[in-house]
Amino acid sequence: MNQASSMLNDVPGDGKEEIDNHFFATTLMKLGHTIEDSRKKYPELTEELLEKLKEWIQQRNLPNVPQEQLAIFAQSCYFQTDATLRCMETYYRIRTNSPEFFNNRDIKLENLQFSLKVLEFVKLPVPDPNGYSIIFHRLADTRASKYFLNDAMKLMMMTVDGNLYNDGCSPGYVFLLDMAGVNIAHLTRISIGSIRKFIEYVQEGMPVRLKAIHVINVVGFMDKILSIVKPFMNKEILELLHLHTGEVSEIYKHIPPKCLPKDYGGELDCIEALHEEHTRKLEQLRDYFLEEETIRQNYNTSKTKEQ
């Protein structure tokens, strides 16, 4: 498979790169797991349900989306057809209209390499006691001038997508966010429009069963942050948000030490090492991210007219 030719313009995070869309063959996209893997875990993934979802993607000119991806959508919505179709519509609409988050996801691009030195992400290798996947994020460099919100959100979603690629359907996801080092200057680096779109995607289009968002080392100006994000958050997502202002050990009743890095009194490797390993995994998925974008560019927001 040929590689895309991309160039970065000017400042990291400006998102002006364009990918050659013609180097991927128009074949069915493959994920790192099979539909049989998903059905073993979730027999609710019936042929009837998948056929209804296939009809929808055919109507939207997305014929190369595989059954494995459809299963991820269906499982995240508890196999309810109408809810799944709404999720799919939001997923493709926002991805199509938000290139700052979902285009140019080439991990070798300079802006993403830059942000991977400023930010640390990892899907922790041990799930919580409920079997939920834990996605961790924190600052590695606390200088606000080095922080680019759009690239941070892009890498966060690449982390989720990479896990879905490999593991497929999961009983649930937990986000664990460490605010250590966040300062008031970081607020000047955010865009209300970006925040609004990102929250809508997480609430309505991200194909996972989100079970909790835990924030540790909460900063004193958290009220200012909440005043920005709360208007866009629905009741369900607010109920998932848990703010921990005390010792890190507060998190243990939700996420025990066996699931946490040694940086937080846990039994896993340190975050720096886990982040480096995670970055290598993203590099291995480079072709997948580029192919996903290419296929998605064919998306029609309305049904294709029957001939």
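User: What makes up the lining of the largest cavity, by class: how many nonpolar, polar and charged residues?

Analyst: This is a predicted model, and in it the lining of the largest cavity has 27 nonpolar, 3 polar and 2 charged residues. Met, Leu, Ile and Val count as nonpolar. Among the 32 lining residues, Met-153, Leu-177, Ile-195, Ile-225 and Val-229 are the closest to the centre.

User: Which elements give two or more residues to that lining?

Analyst: Strands E2 (133–139), E3 (173–178) and E4, plus helices H7, H8 and H9 (222–229). The space inside comes to about 930 Å³.

User: Why is it called a cavity, and what do we call a pocket?

Analyst: A 1.4 Å probe fits in a cavity but cannot get out, whereas a pocket is an open set, so the way out is what separates the two terms.

User: What about the second largest cavity: which residues line it?

Analyst: Met-29, Val-65, Gln-69, Tyr-91, Tyr-92, Tyr-288, Glu-292, Ile-295 and Arg-296. Its volume is about 70 Å³. H12 (286–296) gives the most to this lining, with 4 residues, and H4 also supplies at least two.

User: How do the residues of that lining divide by class?

Analyst: Into 6 nonpolar, 1 polar and 2 charged. Tyr goes with the nonpolar class by the rule used, while Glu and Arg go with the charged one.

User: On to the open sites. What is the volume of the largest pocket?

Analyst: About 560 Å³. Ser-76, Val-202, Gln-203, Glu-204 and Val-208 are the closest to its centre, out of 21 lining residues. Those divide into 10 nonpolar, 6 polar and 5 charged.

User: How do you know which domains contribute to the largest pocket?

Analyst: Its lining draws at least three residues from domain 1 (16–101 + 288–298) and at least three from domain 2 (105–283). By element, H4 (81–97), H8 (192–205), E4 (210–216) and H10 (235–240) each supply at least two.

User: H4 and H8 both turn up there. Why are H4 and H8 called roughly antiparallel?

Analyst: The two helices pack at an angle of about 155°, with axes 9 Å apart. The cut-off for roughly antiparallel is over 145 degrees, so H4 is roughly antiparallel to H8. Their crossing is left-handed.

User: And which residues sit closest to the centre of the second largest pocket?

Analyst: Val-122, Lys-123, Asn-163, His-278 and Lys-281, out of 15 lining residues. That pocket has a volume of about 240 Å³, and E1 (119–123), H7 (149–167) and H11 (271–284) each supply at least two residues of its lining. By class, that lining has 7 nonpolar, 5 polar and 3 charged residues.

Definitions and conventions:
Residues are numbered from 1 along each chain as its sequence is written. This is a predicted model: local features need pLDDT of at least 70, side-chain atom pairs count only at pLDDT 80 or more; totals for chains, interfaces and linings use all residues. Side-chain values use heavy atoms; hydrogens and water are left out. On a 1 Å grid over the protein atoms alone, a cavity is a set of points where a 1.4 Å probe fits but cannot get out, and a pocket is an open set with protein on both sides within 12 Å along at least five of seven lines; lining residues have an atom within 4 Å of a point. Grid points are joined across faces, edges and corners, and a volume is the space filled by probe spheres set on the points. Domain bounds come from an automatic or database domain assignment. Axes are lines fitted to C-alpha atoms, for helices over the stretch in contact, and angles run from 0 to 180 degrees between N-to-C directions. Angles under 35 degrees count as roughly parallel, over 145 as roughly antiparallel, 65 to 115 as roughly perpendicular and the rest as oblique. A crossing is left-handed if the near helix is turned anticlockwise from the far one by less than a right angle, and right-handed if clockwise.
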